Amino acid sequence: VLYVKGSRFDFNGKPAIAIVGPRKISDYGANCAYVIANTLASCGFTVVSGGAIGGDSMAHKGAIDAKGYTVGVLGSGIDSSIRRLKV
């Protein structure tokens, strides 16, 4: 079962790519995640990644800066993820 918060995205017929990386990422790795996500989002790909700080967040930032679509996948429920972030 998947639960959605926000607008639901229709993946049918649209290319998507998953980009994941470590939380403790080098500057080079962060730049690579950003550039790859930005380039692919500019070409119409949806970027799918986790919500962690590091490689995941750089992939989301690259897609957002390209005005593309991005989907965050959490490893737990949204309520427990928000509690951990103390939002």
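Which residue of strand 3 is the bridge partner of Val47? In this predicted model, the bridge partner of Val47 in strand 3 is Thr70. Residues are numbered from 1 along each chain as its sequence is written. Because the model is predicted, local features need pLDDT of at least 70 and side-chain atom pairs count only at pLDDT 80 or more, while totals for chains, interfaces and linings use all residues; side-chain values use heavy atoms, without hydrogens and water.

The mean pLDDT of the protein (pLDDT is the predictor's confidence in each residue, from 0 to 100) is 84, and 82% of the residues reach 70 or more. Helices (H or I, at least four residues) and strands (E, at least two) are DSSP runs, numbered from the N terminus.

The three strands form an open sheet in the order 1-2-3, with parallel pairing; two strands pair if DSSP finds at least two bridges between them. Strand 1 (16-18) and strand 3 (70-72) are the edge strands, each pairing on one side only. On average, neighbouring strands of this sheet are turned by 20° against each other, direction ignored. Such angles run from 0 to 180 degrees between N-to-C directions, with axes as lines fitted to C-alpha atoms, for helices over the stretch in contact.

Strand 2 (residues 46-49) is joined to strand 3 by three bridges, and three bridges also join strand 1 to strand 2. Buried means under 20% relative accessible area, exposed over 50%, and partly exposed in between (1.4 Å probe, protein chains only).

Val47 also belongs to the largest nonpolar core, together with Ile19, Ala37, Ala41, Ala59 and Ala63. A nonpolar core is a set of buried Ala, Val, Leu, Ile, Met, Phe, Trp, Tyr and Cys residues joined through side-chain atoms within 4.5 Å. Helix 1 (27-42) and helix 2 (55-65) are the elements that give two or more residues to this core. Leaving aside residues up to four places away in sequence, Ala41 touches Val47, Ala63, Ala66 and Gly68, where contact means heavy atoms within 4.5 Å.
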